[in-house]
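User: Could you walk me through this structure, starting from single residues and moving out to the whole fold?

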Amino acid sequence: MRKVIWLSSIILMVLAGCTQPAKPGNKIVLWHWMTDRNDTLQQLATEYGKETGIEVSVELFAPSDSYSQKVIAAAQASILPDIYGILDKKTIVADFIQAGFVSNLTQDMEANGGEWKNQLFDKALADKRFEDGNTYGVKPGIYGVPIDVTNEQVLYNKKLLAHAGIARPPQTFDEFMDDSQKLRRVGITPFVSGWGELWLLDCFASNYAFNIMGDQKIFDTYRGKVKYTDPDWIKVFSLFAEMRDKGLFIDGIVTKGNKYAEQDFALERTAFAFNGSWCVDVYHDMNPNLDYGVIPPPPLSNASYPLKIWGSAGSVFVVNASSPNHDKAIAFLKWLTAKEQQIVLAEQTYNLPSNKEALSVVSPVLAEFAKGMEQSTHPNVWPVNENPTVVEAFDRGLQAIIIGEKTPQQVGQDVQMVKDKQTAEANS
């Protein structure tokens, strides 16, 4: 339904796009949604104005849901700013591009031997990059500029592990289970995550799906060639039953929002957490003295494939293709993602910079997160994605396993039934 609404909106834009085009000038307007980065962006915009004589007006609209609604309304009225972000799935990004609201930045990225592109994490550029032959019908190219990157990994509290006699963080899933037993024996809850938010639970599960069966079998499942009752998928579901049975989870984990899970870890109520690199800023505010480290989810020792983590661009700006200040907007984003400005963003906002050359100044914890970008993947770059209804059934099934309502086998059957129904409807 959302796709239909958006496509209808595109038609309205074409029919109603009768506003007068703006004239070029020395002012660039940038819209964003990031309350934690607003002060720094304002500071950098002022500095850029002093250096170039170009005024950059940074306008904050929060929360993110309100921001997205404003962007859609502005697109319908053809009054989008020079620079903005699209907080939605790649299908919606493709709609914006095809409606003429997003500029192809490939030529700028690849100028001077790829000077700009080569400074940035390739995994971050992939978030708004469309490859040749993509299923969206978008002309191949790079359509977004990442200002930071993020990935999701496991955090561990060094003090709590030492209290339980654990000398180093777990290197395998079996060690993860054993360490959790040691923590329980001394009264420490092992693990927390905001698994009331389904996407975060889905992320953790997909890490181990890649580890157990590899990407080809996962994508074949999404294409309908492999069933969720397959033994490998049952192994994925069974991991959550094992973690439940060994007392890994904090009480209420399947209803816990991530901001509450972050409080649990920051206040040292648990020894492990599964969270994204943005947590460095969050934990610093909640408990500046928290002593913790970062590891990927501990892989299975007998797995046939490498474990992968979700990681991609964090915040991405696009340039309005119809902006009269198109070239000035690109020049500002190139300046914003240069090493010097990326260092300022990293130091003041505790986010991972998108410019690889700026990593030398990040904190040790952020540096550990940065290492994970090499083994990262993300739904935005996959060749195929699962139907959202099936994904929700999958994640709800995991919650049912965690609270003991269903077995892994029952969840496999349930998810496959939803998959079969969705496939039949799509083919009818």
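**A buried aspartate**

Analyst: Happy to! Asp82 is buried, with a relative accessible area of 8%; buried means under 20%, exposed over 50% and partly exposed in between, using a 1.4 Å probe and protein chains only. This is a predicted model, where local features need pLDDT of at least 70, side-chain atom pairs count only at pLDDT 80 or more, and totals for chains, interfaces and linings use all residues. Residues are numbered from 1 along each chain as its sequence is written, and side-chain values use heavy atoms, with hydrogens and water left out.

User: Which backbone nitrogen lies 2.7 Å from a polar atom of the Asp82 side chain?

Analyst: Asp82 is found in the loop between α3 (64-76) and β3 (83-84); helices (H or I, at least four residues) and strands (E, at least two) are DSSP runs, numbered from the N terminus. Leaving aside neighbours within four places in sequence, Asp82 has contacts (heavy atoms within 4.5 Å) that include Lys27, Ile28, Val29 and Asn320. The backbone nitrogen at 2.7 Å from its side chain belongs to Val29.

User: Is Arg37 buried or exposed?

Analyst: Look in the loop between β1 (27-32) and α2 (38-52), where Arg37 has its place. Its side chain joins that of Asp36 in a polar contact of 3.3 Å; such a contact is a pair of N or O atoms within 3.5 Å, where within protein one must be able to donate a hydrogen and the other to accept it, and residues adjacent in sequence count only if both atoms are side-chain atoms. Beyond four places in sequence, Arg37 touches Asp148, Ser315, Thr349 and Asn351. With a relative accessible area of 11%, Arg37 is buried.

User: Which side chain has a polar contact of 2.9 Å with that of Thr221?

Analyst: Thr221 sits in helix α9 and, at 0% relative accessibility, counts as buried. Not counting residues up to four places away, Thr221 touches Val226, Tyr228, Trp233, Glu386 and Lys419. The partner in the 2.9 Å polar contact is Trp233.

User: How far apart do the C-alpha centres of domain 1 and domain 2 lie?

Analyst: The two domains do meet: 17 residues of domain 1 are in contact with 21 residues of domain 2. Their C-alpha centres lie apart by 30 Å.

User: What radius of gyration does the protein have?

Analyst: The protein has 17 helices and 14 strands, and 54% of its 428 residues count as buried. The radius of gyration is taken over C-alpha atoms, with a globule rule of 2.2 Å times the number of residues to the power 0.38. For 428 residues a compact globule would have a value near 22 Å, which agrees with the protein's 23 Å.

How values were computed:
Domain bounds come from an automatic or database domain assignment.
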